[in-house]
Amino acid sequence: MKFTTFKFGNELQEGLDMMGFEKATPIQEQAIPIIQAGRDLIACAQTGTGKTAAFGLPLLNLTQVENLRTQTIILCPTRELCIQITNDLKKYSKYIKGIN
């Protein structure tokens, strides 16, 4: 499945294109539509399968930048994983003005 299938906003899609994202992994194919529908999700997958993008991309896409209230909280078990997720989300949202 191609990432364009998910119908992300133009700015988010531009970031994905810049990063070379073309084909979704199995965890992304399954998780992204569920999160886009506003449903809760608990998912498990091996390291390196794209879990950060699986939850991060739809969350970024659903974020209303004009709403200054906290819209998403991501809990991480370690500082290192927190830094890794933060860096990935910054890359994905590079072209989205107002994401913080």
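The sulfur of Cys82 lies 4.5 Å from the closest cysteine sulfur, that of Cys76. That is too far for a bond, because a disulfide is a pair of cysteine sulfur atoms within 2.5 Å. By this rule the count is zero disulfides. Cys82 is partly exposed, with a relative accessible area of 35%. Cys76 is also partly exposed, at 26% relative accessibility. Here buried means under 20% relative accessible area, exposed over 50%, and partly exposed in between, with a 1.4 Å probe and protein chains only.

This is a predicted model: local features need pLDDT of at least 70, side-chain atom pairs count only at pLDDT 80 or more, and totals for chains, interfaces and linings use all residues. Residues are numbered from 1 along each chain as its sequence is written, and side-chain values use heavy atoms, with hydrogens and water left out.

Helices (H or I, at least four residues) are DSSP runs, numbered from the N terminus. Leu57 touches Phe3, Phe8, Leu12, Leu16, Thr52 and Tyr92, not counting residues up to four places away in sequence. Contact means heavy atoms within 4.5 Å.

Lys7 lies in the segment before α1. Its phi is positive, about 55°, although Lys7 is not a glycine. Lys7 is exposed, with a relative accessible area of 69%.

Next, the pockets. On a 1 Å grid over the protein atoms alone, a pocket is an open set of points where a 1.4 Å probe fits, with protein on both sides within 12 Å along at least five of seven lines; lining residues have an atom within 4 Å of a point. The largest pocket is lined by 24 residues. Leu60, Thr72, Leu89, Ile99 and Asn100 lie nearest its centre. α4 gives the most to this lining, with five residues. The lining divides into 11 nonpolar, 11 polar and two charged residues.

The second largest pocket is lined by 19 residues. Lys51, Thr52, Phe55, Leu81 and Ile85 lie nearest its centre. α3 and α4 are the elements that give two or more residues to this lining.

Notes. Ala, Val, Leu, Ile, Met, Phe, Trp, Tyr, Cys and Pro count as nonpolar, Asp, Glu, Lys and Arg as charged, and the others, Gly among them, as polar.
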